[in-house]
Amino acid sequence: MAPRYDFQAIERKWRDRWTASGLYQVDEDPQKPKKYVLEMFPYPSGELHMGHVRNYGIADVIARYYVMQGYNVLHPIGWDAFGLPAENAAIQRGVQPAEWTDSNIASMTEGLKSLGFSYDWSREVNTSKPEYYRWGQWIFLKFLERGLVYRKKAPVNWCPSCETVLANEQVKDGRCWRCETLVEPRELAQWFFKITGYAQPLLDGLAELEGWPERVKLMQENWIGRSEGASVDFRLAGLDEDTVEDEIITVFTTRPDTLYGATFFLLAPEHELADKIIVDDDIRPGLADFRARVAAQTSIDRASAENEKLGFFTGRYVINPLNDKHIPIYLANYVLMGYGTGAVMAVPAHDQRDFEFARKYGLPVDVVIQPSGELLDGATMAAAYSGDGVMIESGVITGLSSADALSRIIAYLEEKKIGKGAINYKLRDWLISRQRYWGNPIPVIYCDKCGVVPVPEADLPVLLPTEVVMGENGRSPLGDMPSFVDVPCPSCGGPGRRETETMDTFTCSSWYFLRYTSPGSTAGPFDKAAVDYWMPVDQYIGGIEHAVMHLLYARFFTHVFYEMGLAPTPEPFVNLLTQGMVIKDGQKMSKSKGNVVDPNMMMERYGADACRLFILFAAPPEMDLEWSDKGVEGIYRFLNRAWRVVTENISWSGQDAPDLAGDLRGLTHRTIKKVGEDVARFNFNTAISAIMELVNGMSKYNESNASIRDAGAVREASWALTLLLAPFAPHLAEELWEAQGAAYSVHSAGWPAFDSDLVVSDTITLIVQVNGKLRDRVEAPAGIGREDMETLARSSENVLKHLGGREIAKIIAVPGKLINIVTK
């Protein structure tokens, strides 16, 4: 045993030993209960940051704790390796994206291993390798067979900086989620996954996710956005007043009870009918200008209640199917194609946005709901009325309450065959096309004779070339590579052209957790028996920013796999923990802000265990963590104290006195109980605090009993301390375990059990404060009264020093815990 805590030698020694012995490699074992612990898929950016250390440190404690509880634990790692940064690096540095990616993976692998995380590296996956992305292409084809993939021309979110299309979920406040460039609307032929076909199952499944944060479930619920109402058919009026055209425009409304109050009709500016119905030569020239004005606004701006309402009269009318009134059709900036049908019946008396539009463009406001005790007049109303009331001027529902009118009007619409009850979802289909190179090729071929032809499964994978010349401004080189594009049609053998778009990288991260169960599978994306044993993931850890992207997509994939008989459950993640950010100087760590802390530098100075322990001690997992160099220093000093107390106990050679344990055994067993309970609840900071108190108690016992001690109690405390430290400081714990003569490895040893008879203490530690600041801790009998607490507090030398003779204003006491002396 070295006389000092040589963390560099210790950490290197045990990392090598763990690797050589395959300590963390696991296989299915039907005789043992399983736990699957997983962090969200890391992107190989090349540099570890403290966010990584926190995310992976939390998962590692959980995984190690479960192993010590006797579970068979799967804790894998891999790389979400496709993506835009690799292309940017290729342009900026003149390297191939594949080369840059592999180099980054090597660098990050070294960093993760240096931190001592308990990964089963034999299960490592890399999405940019053919053995992985082949099965992503296979999944595309299977989804295509099931009618879950289609291609159509559609308005899309275009990032001019990334030069690619973004899914709705990837647009944040009107900007690209990755580079924050303002997103532009464009119309392109794109590939979609039909996630809307699973809107209701995805919504229903949220109720089963009791281990998920309510905030995340609410975000998904709102994103799916189920609305109940009716679809209503409006017929396009002819150019002559008395004629009717065959064109029917269907709207979805949650308020069919207000149909009689519809005084105008709105279409999204992008609606394809706009070009068809505008025939007036005096009106048509203004359409392009209006669309340009709207296109300059983000979808967030357009949907905002505060945004100015912009309208464009088409010169055409529709006929209200209930009262046969001709009402004008406008294009409006606040109507979006992404919700309902892109058409809206406008009821200005009872919808505030419609009210503002009507007032701006001089359109009528017809009241059809009168509140109790008040008489509304559409001509003089200052704002729309959206509350309950009694229906007026509303045909068959006149006189009914607005609540009762809903079901009655839907029945009437169905009876007259002019509408029906309907459910609508805000969720849109998942646009997966990306006009980028570094991604998974979409496995289809275009043939002039046969149309769109899927690549046969036997021809998978469609290999992505790894030696390319990147186009200007990041334009994908695939379209300029005849060796990639020109292929025979699999159907007729004639000339064919490969699809040059690649899939959204979120398609890769939507099933990687299944691949981890059997990463070497060549017969399918994963082995059914392995998936049945390991799935679902018992504990998933990651950032809340993925609530409506990755987490929703992964649930969608797993629901489909479940229906295909490939997955044992429809939901992939039983429990979800969303950790907070690591911040410094009050801001998120960022190179641009100059506040990034390099984990490698911290590990060189204090060791991996100190970095891990500080990250876990400084704040509860769900909260943001403020980085502190002094805090890491403090943790390093604590590890040194733990090292010293155990090594001194090992080398101690005084007299054994079995009856001289005092409260040492009680402290040991209380700590075992508290740390176990806290780790199970992910209260890592309080668990570590309890371990610190144990070290302090052991040190005080040794100081008070220098030559004669209860050797059994001392040995028990040392063993317990080592086992409790193991999930948090794995290298130090392993070294202390070996030094005490225990069999390798501490991480395979069982979690220590506590004796309930010893948990109850005869004494307590009383916290003594002066004006709210900690000034002393004193031992006191359990059940001590208030007067005796005050007497103890007043007798403390440190307390007297800080009182400084000042007059006491009051004394606040929390029985059995704390006393605070407040001065005047």
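Which residue in strand 9 is the bridge partner of V156? The bridge partner of V156 is R186. Before going further, note that this is a predicted model, in which local features need pLDDT of at least 70, side-chain atom pairs count only at pLDDT 80 or more, and totals for chains, interfaces and linings use all residues. Residues are numbered from 1 along each chain as its sequence is written, and side-chain values use heavy atoms, with hydrogens and water left out.

The strands come next. Helices (H or I, at least four residues) and strands (E, at least two) are DSSP runs, numbered from the N terminus. Two strands pair if DSSP finds at least two bridges between them. Strand 5 (residues 149-159) pairs with strand 9 (residues 184-193) in the antiparallel sense, over 10 bridges. Strand 5 also pairs with strand 6 (residues 164-166), again in the antiparallel sense, over 3 bridges. Here N157 stands opposite L166 of strand 6. The hairpin of strand 5 and strand 6 has 4 residues between the strands, and in it E163 takes a positive phi near 55 degrees. In a regular strand the side chains alternate between the two faces of the sheet.

Now to the aromatic rings. A pair of aromatic rings is described by the distance of the centres and the angle of the planes. Rings of Phe, Tyr and Trp (its six-membered ring) pair if their centres lie within 6.5 Å; planes under 30 degrees apart count as stacked, over 60 as edge-to-face and the rest as tilted. A search of the whole structure finds 55 aromatic pairs. One of them is stacked: Y132 and W511 are 4.4 Å apart centre to centre, with 15 degrees between the planes. This pair links distant parts of the chain, as Y132 is in helix 5 (residues 130-145) and W511 is in the loop between strand 26 (502-503) and helix 14 (512-515), 379 residues apart. Both Y132 and W511 are buried, where buried means under 20% relative accessible area, exposed over 50%, and partly exposed in between (1.4 Å probe, protein chains only).

W430 and F557 form a tilted pair, 5.9 Å centre to centre and with 55 degrees between the planes. W430 lies in strand 19 (residues 430-431) and F557 in helix 16 (residues 550-564), so this pair ties together parts that are 127 residues apart in sequence. W430 is buried, with a relative accessible area of 0%, and F557 counts as buried at 2%. Both residues belong to a cluster linked by ring pairs, which also includes F140, F143, W191 and F193.

A ring can also face a charge. A charge sits over a ring if NZ of Lys or CZ of Arg is within 6 Å of the ring centre and within 35 degrees of the ring normal. The charged end of R64 sits over the ring of W18, 5.4 Å from its centre.

Burial can also be followed along a whole helix. In helix 18 (residues 608-617), 9 of the 10 residues are buried, so this helix is largely enclosed by the rest of the structure. The buried residues include D609 and R612, as well as L613 and F614.

On a 1 Å grid over the protein atoms alone, a cavity is a set of points where a 1.4 Å probe fits but cannot get out, and a pocket is an open set with protein on both sides within 12 Å along at least five of seven lines; lining residues have an atom within 4 Å of a point. Grid points are joined across faces, edges and corners, and a volume is the space filled by probe spheres set on the points.

The structure holds 2 cavities of 30 Å³ or more. The largest cavity has about 200 Å³ of space. Of the 17 residues that line the largest cavity, the closest to its centre are L84, T164, R178, R434 and T505. Helix 3 (84-93), strand 6 and strand 26 each give two or more residues to this lining.

The second largest cavity has about 50 Å³ of space. Its lining includes F140, F193, W511 and F557. Helix 5 gives the largest share of this lining, 3 residues.

The second largest pocket holds about 1,200 Å³ of space. Of its 25 lining residues, the closest to the centre are L667, R670, E693, T765 and E779. Helix 21 gives the most to this lining, with 9 residues.
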